[in-house]
Amino acid sequence: AAGADTVGAEELIAEILGGFRDFDVILATEDMAPQIGKIGRILGTRTPNKRNGTVTNAIGQAVREIKGATRVEYRADRSGIVHLAIGKVNFTDEQLLENFKAGFGAVLRAKPSSAKGRYIQSVNVSATMGPGIAIEPTAATKFVG
């Protein structure tokens with residue numbers, strides 16, 4: 001009802017074990033998490049977990065967030081560098097700009113109130129294996145609004 005492309009339980013796990021890979025995100029309820037563990041090696045980084053919100057009992061809300069692109073996932077490494085995917089090769093320029101605004105805005109909103117000084121030191125955008133392109137942090141902040 002929330003708009004998921006494929007829905008299933010044990011039969012979907014069997015399909016994945018059989019080679020089904022036509023998905024970007026897998027969501028699971030908390031009671032299905034142990035069964036998902038069986039295919040964790042096959043799923044790799046797409047394995048559902050509570051930390052990134054893909055193991056939840058509010059599946060409908062999670063599906064709407066993912067489909068509506070209102071959920072932003074990013075990670076920061078030990079040195080404070082934030083890694084954030086904003087698109088794929090087949091995205092239009094408008095989609096990439098929209099994703100940049102949403103992602104950069106989420107990083108700015110995550111700023112702790114105790115953080116003093118310049119929060120964003122530099123901004124670089126790059127393809128997975130391509131060279132980075134520097135963006136002026138103040139211009140990026142103004143662009144996001």
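**Notes on a predicted model**

1. Start with one residue. F91 has a relative accessibility of 29%, so this residue counts as partly exposed. The cut-offs explain the label: buried means under 20%, and exposed means over 50%. F91 sits in the loop between β2 and α5. Leaving aside residues up to four places away in sequence, F91 touches I86, L96 and N99. Keep in mind that this is a predicted model.

2. Now the whole chain. The protein has six helices and four strands. From the N terminus, the order of elements is α-α-α-α-β-β-α-β-β-α. The C-alpha trace spans about 50 × 35 × 30 Å along its principal axes.

3. How much of the protein is buried? Of its 145 residues, 19% count as buried. The accessible surface comes to about 10,500 Å². Carbon and sulfur atoms hold 53% of that surface. Next, take the contacts with a separation of 6 or more: residues 24 or more positions apart account for 40% of them.

4. Which residues make up the largest nonpolar core? There are 10: L12, I13, I16, F23, I26, A28, M32, I36, I39 and L43. Helix α1, residues 10-17, gives the largest share of this core, with three residues. A second, separate core has six residues, including F100, F104, V107 and I120. As background, nonpolar side chains tend to be buried together in soluble globular proteins.

5. Look again at L12, a member of the largest core. Not counting residues up to four places away in sequence, L12 touches T6 and F20.

6. Helix α5 deserves a check of its length. The helix covers residues 93-109, which makes 17 residues. At 1.5 Å a residue, α5 should span 24 Å. Its end C-alpha atoms are 24 Å apart, so the two values agree.

7. Which residues of α5 are buried? They are F100, G103, F104, G105, A106 and V107. An α-helix has 3.6 residues a turn, so residues three or four places apart point the same way. The cover over the buried residues of α5 includes β2 (82-83), β3 (123-125) and α6 (137-144).

8. Turn to the aromatic rings. The structure holds three aromatic pairs. One of them is F20 with F23, a tilted pair. The centres are 5.8 Å apart, and the planes make an angle of 40°. F23 is buried, at 12%.

9. F100 and F143 form another tilted pair. Here the centres are 6.3 Å apart, with 40° between the planes. F100 lies in helix α5 and F143 in helix α6, so the pair ties together parts that are 43 residues apart in sequence. F100 counts as buried, because its relative accessibility is 13%. F143 reaches 36%, so F143 counts as partly exposed.

10. Ring pairs link F100, F104 and F143 into a cluster. What lies over the face of F143? K101 does, at 4.8 Å from the ring centre.

Key: Residues are numbered from 1 along each chain as its sequence is written. This is a predicted model: local features need pLDDT of at least 70, side-chain atom pairs count only at pLDDT 80 or more; totals for chains, interfaces and linings use all residues. Side-chain values use heavy atoms; hydrogens and water are left out. Helices (H or I, at least four residues) and strands (E, at least two) are DSSP runs, numbered from the N terminus. The expected span of a helix is 1.5 Å times one less than its number of residues. Buried means under 20% relative accessible area, exposed over 50%, partly exposed in between (1.4 Å probe, protein chains only). Contact means heavy atoms within 4.5 Å. A nonpolar core is a set of buried Ala, Val, Leu, Ile, Met, Phe, Trp, Tyr and Cys residues joined through side-chain atoms within 4.5 Å. Rings of Phe, Tyr and Trp (its six-membered ring) pair if their centres lie within 6.5 Å; planes under 30 degrees apart count as stacked, over 60 as edge-to-face and the rest as tilted. A charge sits over a ring if NZ of Lys or CZ of Arg is within 6 Å of the ring centre and within 35 degrees of the ring normal. Accessible areas come from the Shrake-Rupley method with a 1.4 Å probe; for residues, only the protein chains shown count as cover.
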